[in-house]
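Subject: Structure for your files

Hello,

Here is the structure you will be working from, sequence included.

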Amino acid sequence: MLRLRFLHRALRFNFPARTSRGALAEHVAWYLHLTDDARPAAGGLGEAAPLAGLSPEYGPDFPAAVARLCERFNAGAFAAFAVAEAPGFVGPGLPSLVFALETALLDLARGGRRQLYDNAFSRGEAALPINGLVWMGDAPFMREQIRQKLAAGYRCLKLKIGSLDFATELNLLAEIRAAAGPERLTLRVDANGAFAPADAPHKLAQLAAFGIHSIEQPIAAGQPAALAELCRTSPLPIALDEELIGVEDPARQAALLDAVRPAYVVLKPTLLGGHAATRRWIALAEARGIGWWITSALESNVGLNAVAQLTGEYDVRGFAQGLGTGQLYHNNVAAPLHIGGGALRYDPAGTWELPG
């Protein structure tokens with residue numbers, strides 16, 4: 001019989017992680033640990049770590065939702081449970097729990113070794129290119145992050161913008177371009193919806209002068225007409241991020257992409273409803289000629305590994321993914337994930353910590 005229990009850990013940031021929605025000092029991750037009485041030595045592990053201000057299930061009721069899920073699962077006395085059943089079993093409005101249950105099921109099915117898929121990344125044969133993430137902060141803090149990322153060999157940087165005055169942010173971009181031109185370094189920016197629709201065209205025009213690859217979510221989600229107009233007229237490519245959250249119906253997903261026509265979509269499995277949901281967004285985007293990349297959402301190494309191994313199912317050579325968040329925490333779950341030269345690697349022979 002399958003048995004499901006939960007664990008949790010309060011992850012502590014190395015620094016206050018600032019976005020346009022505020023600063024984070026701690027992030028609580030919940031873990032689903034799945035075992036099978038027939039194979040007591042193996043255990044599948046999945047992570048649900050909803051984000052304040054973004055995840056629809058974030059709030060004081062979430063711990064009870066985790067406990068209820070485990071109670072319902074165990075009451076079912078399942079001898080087997082298909083991964084495809086997870087979204088329906090968890091239900092709507094709980095995307096990180098779907099992600100966690102899918103991950104735990106995938107892990108247990110392959111022996112509880114945190115190897116969810118059989119691909120070049122999960123076998124340790126290939127690395128995934130990643131962007132270096134530069135967090136919001138005062139100018140000296142951001143400047144030091146940029147210096148460190150360039151020294152570490154990153155070929156793609158992503159800057160969180162929207163917390164400083166815009167002129168200061170433009171100056172930082174000018175400094176980066178003085179050190180590394182577009183032929184050496186790809187630059188992405190993420191506004192997290194910080195621009196007002198009326199101001200966005202002027203700001204996008206100024207950003208375009210620095211050879212920016214793309215900007216994520218320039219205006220706040222929920223303004224599809226304004227966003228569609230920006231995508232039509234912007235001098236630099238626009239990527240949808242927060243706009244995708246909560247859009248679970250495939251027909252609505254297709255309608256959103258058809259109406260807005262972004263250049264890219266940024267896919268966060270924790271926020272979109274898991275592995276299958278992310279694959280569906282990829283299929284919809286590719287059918288429309290829309291680019292995409294996958295990004296972690298401040299999970300611990302358990303969630304990051306799941307997101308990275310899902311990414312490894314696709315050919316992303318030469319196109320940086322957003323998978324560099326594993327070094328954010330003082331007390332991350334110990335895992336054989338390693339970053340070097342702007343790429344993430346996994347060692348299948350490495351050891352894992354069980355959180356709790």
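Helices here are DSSP runs (H or I, at least four residues), numbered from the N terminus. This is a predicted model, in which local features need pLDDT of at least 70 and side-chain atom pairs count only at pLDDT 80 or more, while totals for chains, interfaces and linings use all residues. Residues are numbered from 1 along each chain as its sequence is written, and side-chain values use heavy atoms, with hydrogens and water left out.

H8 and H10

H8 covers residues 250–260 and H10 residues 275–287; their axes come within 10 Å and cross at roughly 40°. Axes are lines fitted to C-alpha atoms over the stretch in contact, and angles run from 0 to 180 degrees between N-to-C directions. The crossing of H8 and H10 is right-handed (the near helix is turned clockwise from the far one by less than a right angle). From H8, Pro250, Gln253, Ala254, Leu256 and Leu257 take part in the contact, and from H10, Arg280, Trp281, Leu284 and Ala285; contact means heavy atoms within 4.5 Å. By class, that contact has seven nonpolar, one polar and one charged residues. Nonpolar covers Ala, Val, Leu, Ile, Met, Phe, Trp, Tyr, Cys and Pro; charged covers Asp, Glu, Lys and Arg; the others, Gly among them, are polar.

H1 and H3

The axes of H1 (residues 62–75) and H3 (residues 95–109) come within 11 Å and cross at roughly 40°, which makes H1 oblique to H3. This crossing is right-handed. Phe62, Ala65, Val66, Leu69 and Phe73 of H1 meet Ser96, Leu97 and Leu101 of H3. These residues divide into seven nonpolar, one polar and no charged.

H5 and H6

H5 (residues 166–179) packs against H6 (residues 200–208) at about 20°, with the axes 10 Å apart. The two are therefore roughly parallel to each other.

Cavity

The search of the whole structure finds one cavity of 30 Å³ or more. A cavity is a set of points, on a 1 Å grid over the protein atoms alone, where a 1.4 Å probe fits but cannot get out; lining residues have an atom within 4 Å of a point. The largest cavity has a volume of about 30 Å³, volume being the space filled by probe spheres set on the points, which are joined across faces, edges and corners. Its lining consists of Leu45, Thr103, Arg114, Leu116, Val302, Asn305, Ala306 and Trp352.

Regards

Notes: 1 Å grid on protein atoms, 1.4 Å probe; cavity = no way out; pocket = protein on both sides within 12 Å on 5 of 7 lines; lining within 4 Å. Parallel < 35°, antiparallel > 145°, perpendicular 65-115°, else oblique.
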